[in-house]
Amino acid sequence: MNIPERFYDRNSESEEEDKLGQSARNENGIATRLGRGQVPPKGFKLIAGPQNGEVKLGFCLYKGTLEVEVICARDICSMDREEPDTYVKTYLRDGDKWIQKRKTRVVRHNRNPEYRQTIKYNSCDALGRNLLVMLWEKKQAFESNQGLGGAEVSLELLPLTRLTIDWYPFFPIHTLGTHTADSP
């Protein structure tokens with residue numbers, strides 16, 4: 001799949017872009033770097049043990065359309081476990097409502113999947129809302145798909161008139177305010 005030129009991974013780290021990144025601290029003062037515009041989940045606590053991985057996303061407003069490039073994910077499961085089949089789901093969040101679901105294709109048997117897929121939302125629908133990004137493991141046959149982690153990004157905090165690419169750490173799915181552990 002060809003990635004539009006505006007989504008090429010550019011080495012464009014600047015002081016201004018660095019200010020857009022933020023960190024969340026747990027009760028012991030340990031910092032975790034969040035992606036640009038990322039909203040830490042309510043009641044966030046950093047716990048010892050394996051992390052949930054992270055996803056690399058690109059954002060750009062182009063001709064009245066918000067384009068979200070789901071580039072790749074990394075470190076989504078421990079080495080002692082079988083490599084999962086995964087996909088990414090996104091929703092726009094309007095208060096407690098989740099609207100306009102989109103999802104990527106499934107990448108099979110990979111701890112560091114490369115999606116390289118563009119998800120589009122009409123800018124009228126997206127602006128002023130948050131974007132929920134969730135990583136799901138596709139299970140076989142009649143098993144329920146399993147949420148591996150998620151991130152919430154405030155679109156108001158991003159400079160959407162230019163390409164913004166960053167890594168967004170995943171938090172447990174239940175911290176994003178889901179009603180159930182099943183795949184929505």
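User: Before we look at pairs, how do I read buried, partly exposed and exposed here?

Analyst: Buried means under 20% relative accessible area, exposed means over 50%, and partly exposed lies in between (1.4 Å probe, protein chains only). Take E83: its relative accessibility is 32%, so E83 counts as partly exposed. Keep in mind that this is a predicted model, where local features need pLDDT of at least 70, side-chain atom pairs count only at pLDDT 80 or more, and totals for chains, interfaces and linings use all residues. Residues are numbered from 1 along each chain as its sequence is written, and side-chain values use heavy atoms, with hydrogens and water left out.

User: Got it. Which residue forms a salt bridge with E83?

Analyst: The general idea first: side chains of opposite charge can pair when their charged atoms come close. The cut-off is a side-chain nitrogen of Lys or Arg within 4 Å of a carboxyl oxygen of Asp or Glu. For E83 the partner is R111, with the closest N and O atoms 3.0 Å apart. R111 counts as buried, at 12% relative accessibility.

User: How many salt bridges does a search of the whole structure find?

Analyst: Nine. Among them, E54 and R74 meet through their side chains at 2.5 Å, N to O. E54 is buried at 18% relative accessible area, while R74 is partly exposed at 31%.

User: What about E114: which residue is its partner?

Analyst: E114 pairs with R116, the closest N and O atoms being 3.1 Å apart. E114 is partly exposed at 43%, and R116 is partly exposed at 34%. Elsewhere, salt bridges with shared partners join R81, E137 and K139 into one network.
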